[in-house]
Amino acid sequence: MNSPAVAAPRAGTTGWRAWATNNPKIRMFQTLVRREIWEHRSLWMAPLAVTALLLICALLTHGALKIDATDSSEWLDPQNKTIVFALAQWALTIPHYLVMILLLNFYLLDCLYAERKDRSILFWKSLPVTDGATVASKIFVSCVVLPLGTFALALVTDVLFTAIWNLRAAIGHAPELIVWDTVAFLKTQAVMFLGLVISVLWYAPFFGIFLLASAGLRRNVLMWVTVVPLLAAIGERIAFGTHWISSLIDYRWDGIWGSLHVETALLGSIRNVGLAEVVSIPAVYDRVHVGAAFTDIDLWLGIAFAAACAYAAARIRRYRDET
Amino acid sequence: MTKVIEARGLRKSYGRSTGHSTPALEDVSFSVAPGRIVGLIGPNGAGKTTALKAILGLTSFEGELRVLDLDPRSRRDELMRDVSFIADVAVLPGWLRVGQALELVAGVHTRFNRARAEQFLRRTDIRMRSRVRELSKGMVTQLHLALILSIDARLLVLDEPTLGLDLLYRRQFYDALLSDFFNEERTILVTTHQVEEVENLFTDVIFINHGRVVLDSSVEGLAERYVQLTVAPDKAAQARALQPFYEREVFGRVVMIFDRPANGRPADRGAADQPTPDAPPAFADLAALGEIRTPSIADLFVAKMEAA
């Protein structure tokens, strides 16, 4: 009776899985990540719902990719098909990324607050898990698992959507609008992956503040992180006539994209539709200056700030109970 | 290591930042030896939970505290490998499925015996697929207990573990604790205010009131030190001369509780070792006045709290 039982690796597990199972720290971290997936089911249910909706659209809609074209025949010109294909790939990912942004922010605001609200923090704290590991698991889920999962799912959705659309086109049910182009596909995915990585890193200060708010505030977490900065900016303007706060928020909102040197061509050109002005996403791939983004000191300062917030969140959780 | 818990001069106040400081612990000292079941007993707001939180490294405090030879402030993470606790019955998260709870504890605790927890659960009506929010309060306690008792811990801390449970579950809870967990190498620290029910469980009791320890004794020690006399009203004056520290009337008879110091004479408020010529008679005389017995822990608790 009462003999300690270290779980033996399951029969048949080999390689890194066996190593991970036998390494208590890795096993603990895996378990913490699984906990997040179990607790926050919307993290995987919402993206899957988006995929399902898009695939239903692929099966049922007609000519969904008509972009306010002045002359639709121009879009069907074989020379422009690469651009149309890349734009379709890009447009199809938008629902996924919008959902991801919502999930990521709400998850970060909730992840350390919910356990205090339902008092389960007292259960979690009875387990030999450090506050640092708990906070790290939440950062990992929000900044690695969720973005990578979204990227992979959006990619699969793109491929499936294109396949379904082309099958329908082959039997005459849909216009031959999206023609597969492997190079354009790879370049588009590369641009989106890069954009995703840079976004996660650039917006890290926001994530850090959300995590800190989740760890520290007693109630109304969402209100504090939205209304308070807004009031602070307005207050500064009225009291001092300056706008440092709003400039800082504005800069952290879109400051990185300039350093990538992709100009505003992409979004602007879609609005102006004329094909001559459209800069296709594969073209962005050819122009983008990745090095400029990663050597931007503000990117690293932001990451350092986010790391300080994460450290503070873990410290706050150290002596935090259900209050 | 001789003591599981060694506390000296623990102090803790709440509300310092607001300027209305309320002391929760004031110079609390006690120790707990291995293989004991200690009841930390006190009225609401006495400081029990604060003391437990200090022991579990869940709150800051002043003073000296060693738990399993570790300082819970600086080495909580190590401590939690050997300490289990149930802070409250209702703290398992509602979204958690029973099977997930087992996976979770098995994944983070190297000393968790999953087969044992499953064996516990087979004795109940709890299904692996159920979510905690779908279980009754009694079932949640059974689940929590199954998890905690399957951890090979050296110290188990229970804070009001049976609060709000019906008698049947309370009885099962303590039976499981004794038969499936406790042995001479393990120590259990329980806070409760349902003293009557668990007093047979304890080997030691610590009474705490207004943030101070008012009694710290083994249960055997209580029998040696305290005596309860039930006396007819006509002999009450004679008994009163022996200086009971507590007195009440029950069905026309007077019940008194006496604190018996080591020399066999009642406490003389600081001068017990040197009885004065008009000192009251020895305790042997008490039996002649009425019926004597060792007070129950519940009676002693009430007496100590009201005398304070």
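1. Composition of chain B. In this predicted model, chain B holds eleven helices and 13 strands. Of its 308 residues, 42% are buried. Take the contacts in chain B between residues at least 6 apart in sequence: 69% of them join residues at least 24 apart.

2. The open sheet of chain B. Six strands build an open sheet, and its pairing is mixed. The order is β5-β6-β7-β3-β8-β9 (chain B). β5 (83-86) and β9 of chain B stand at the edges. Each has a single partner strand, so one side of each lacks a neighbour in the sheet. On average, neighbouring strands are turned by 15° against each other, direction ignored.

3. The β8-β9 hairpin. Strands β8 (residues 204-209) and β9 (residues 212-218) of chain B pair in the antiparallel sense, over six bridges. Two residues separate the strands of this hairpin. In the turn, His210(B) has a positive phi of about 45°. Phe207(B) stands opposite Leu215(B) in β9(B). Asp204(B) stands opposite Ser218(B) in β9(B).

4. Positive phi in two loops of chain B. Asp69(B) has phi near 70°, a positive value in a residue other than glycine. Asp69(B) sits in the loop between β4 (62-67) and α2 (76-79) of chain B. Is Asp69(B) buried or exposed? It counts as exposed, because it has 12 C-beta neighbours inside 10 Å, and a residue with 12 or fewer is classed that way. Phe251(B) also belongs under this heading: its phi is near 45°, positive in a residue other than glycine. The loop between β11 (246-250) and β12 (253-259) of chain B contains Phe251(B). With 6 C-beta neighbours inside 10 Å, Phe251(B) counts as exposed.

5. A covered helix in chain B. Helix α3 (residues 98-108) of chain B is mostly covered, with eight of its eleven residues buried. The buried residues are Val98(B), Ala101(B), Leu102(B), Leu104(B), Val105(B), Ala106(B), Gly107(B) and Val108(B). What do they pack against? The partners are α4 (114-122) and α5 (137-149) of chain B, together with α2 of chain A.

6. The contact between the chains. Chain A gives 27 residues to the contact and chain B gives 31 residues. On the side of chain A that touches chain B, the elements giving two or more residues are α2 (24-39) and α7 (121-124) of chain A. The largest share of that side, eight residues, comes from α2(A). By class, the side of chain A has 13 nonpolar, seven polar and seven charged residues.

7. A helix pair in chain A. Helix α5 (residues 81-110) and helix α9 (residues 182-202) of chain A have axes that come within 10 Å and cross at roughly 40°. The crossing of α5(A) past α9(A) is right-handed. From α5(A), the contact uses Thr82(A), Phe85(A), Ala86(A), Gln89(A), Trp90(A) and Thr93(A). From α9(A) come Ala184(A), Phe185(A), Thr188(A) and Met192(A). Which classes make up this contact? It has six nonpolar, four polar and no charged residues.

Methods: Residues are numbered from 1 along each chain as its sequence is written. Chains are lettered from A and ligands numbered from 1 in the order in which they are written. This is a predicted model: local features need pLDDT of at least 70, side-chain atom pairs count only at pLDDT 80 or more; totals for chains, interfaces and linings use all residues. Two residues are in contact if their C-beta atoms, placed from the backbone, lie within 7 Å. Helices (H or I, at least four residues) and strands (E, at least two) are DSSP runs, numbered from the N terminus. Ala, Val, Leu, Ile, Met, Phe, Trp, Tyr, Cys and Pro count as nonpolar, Asp, Glu, Lys and Arg as charged, and the others, Gly among them, as polar. Two strands pair if DSSP finds at least two bridges between them. A residue is buried if 20 or more other C-beta atoms lie within 10 Å of its own, exposed if 12 or fewer, and partly exposed in between; C-beta atoms are placed from the backbone. Axes are lines fitted to C-alpha atoms, for helices over the stretch in contact, and angles run from 0 to 180 degrees between N-to-C directions. A crossing is left-handed if the near helix is turned anticlockwise from the far one by less than a right angle, and right-handed if clockwise.
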